[in-house]
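Please read it beside the model.

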Amino acid sequence: MYSMLMLLGLAALLGASEGRTDCYGSVDRIKTPGASCKTAKSEGLPYCGVSASEKIAERDLIAMNQYKTLIKKVGEKLCVEPAVIAGIISRESHAGKILKNGWGDNGNGFGLMQVDKKSHTPVGRWNSETHLIQGTNILITMIKRIQGKFPRWTRDQQLKGGISAYNAGTKNVRSYDRMDIGTTHDDYSNDVVARAQYYLKHGY
């Protein structure tokens, strides 16, 4: 009887953790100024900030939705918010729309999440689950390094720091308020978080 109760308890515990996506914090709780005017201008927008990030994310939504099931699957498998993965995909490749044969960044970045071939060996097809797992694992590595570097930050702050480091490395993250200085257009995590918040509202 006791062992049966133990097994039932274990099953309940496993069930509770299965499908979790919040192991590294949530973008929903992060305050962000959104896209810089440099990013907005490069997208042809006359305004900056969160509204610019949301407009760019909206433009990518139809293309992103092709990968929604895959993104959610990978997010649940690795316990990362699917919305974060979608935010990075929007920023890196506009959900694949700007890639040529799966490549971007002058042939250096591979796939939806733009895995840098100079730092990593890309695996899988450019839009495959294998690729998304690789890209998300790179993000997780960055988050864990930020956790080690800034142990007193909240999990949400460490998540944001990991997103910034995904673009410019952990050495570039020196303080919470200025973590994006040195990233592309000096707004990488601020923009990605705002886009991720948009995708969170759209079922990611």
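Buried means under 20% relative accessible area, exposed means over 50%, and partly exposed lies in between, with a 1.4 Å probe and protein chains only. This is a predicted model, in which local features need pLDDT of at least 70 and side-chain atom pairs count only at pLDDT 80 or more, while totals for chains, interfaces and linings use all residues. Residues are numbered from 1 along each chain as its sequence is written, and side-chain values use heavy atoms, with hydrogens and water left out.

Q: Why does Ala-57 count as buried?
A: Its relative accessibility is 0%, so Ala-57 counts as buried. Ala-57 lies in helix H3; helices (H or I, at least four residues) and strands (E, at least two) are DSSP runs, numbered from the N terminus.

Q: What does Ala-57 touch, not counting residues up to four places away in sequence?
A: Ala-57 touches Ser-90, Arg-195, Tyr-198 and Tyr-199, where contact means heavy atoms within 4.5 Å. Between Ala-57 and Ser-90 there are 33 residues in sequence and 6.4 Å in space, C-alpha to C-alpha.

Q: Is Asn-106 buried or exposed?
A: Asn-106 has a relative accessible area of 78%, so it is exposed. Asn-106 belongs to the loop between E1 and E2, and its phi is near 55 degrees, a positive value in a residue other than glycine.

Q: Is Cys-79 buried or exposed?
A: Cys-79 has 9% relative accessibility and therefore counts as buried. Cys-79 sits in the loop between H4 and H5, with phi near 60 degrees, a positive value in a residue other than glycine. Most residues other than glycine have a negative phi.

Q: What makes H6 oblique to H7?
A: H6 and H7 pack at an angle of about 120 degrees, with their axes 8 Å apart. That angle makes H6 oblique to H7: angles under 35 degrees count as roughly parallel, over 145 as roughly antiparallel, 65 to 115 as roughly perpendicular and the rest as oblique. Axes are lines fitted to C-alpha atoms, for helices over the stretch in contact, and angles run from 0 to 180 degrees between N-to-C directions. Residues of H6 that meet H7 include Gly-135, Ile-138 and Leu-139.

Q: Why are H4 and H6 oblique to each other?
A: H4 and H6 pack at an angle of about 45 degrees, with their axes 10 Å apart. H4 and H6 are therefore oblique to each other. Among the residues making this contact are Leu-70 and Ile-71 of H4 and Leu-132 and Ile-133 of H6.

Q: Which residues of the largest nonpolar core touch the most other members?
A: They are Ile-89 and Tyr-199, in a core of 37 residues. A nonpolar core is a set of buried Ala, Val, Leu, Ile, Met, Phe, Trp, Tyr and Cys residues joined through side-chain atoms within 4.5 Å. A second, separate core of 7 residues includes Phe-150 and Trp-153.

Q: What is the order of the strands in the open sheet?
A: The 3 strands are ordered E1-E2-E3, with antiparallel pairing. Strands E1 (103-104) and E3 (115-116) stand at the edges, each with a single partner strand, so one side of each is left without a neighbour in the sheet. Two strands pair if DSSP finds at least two bridges between them, and 2 bridges join E1 to E2.
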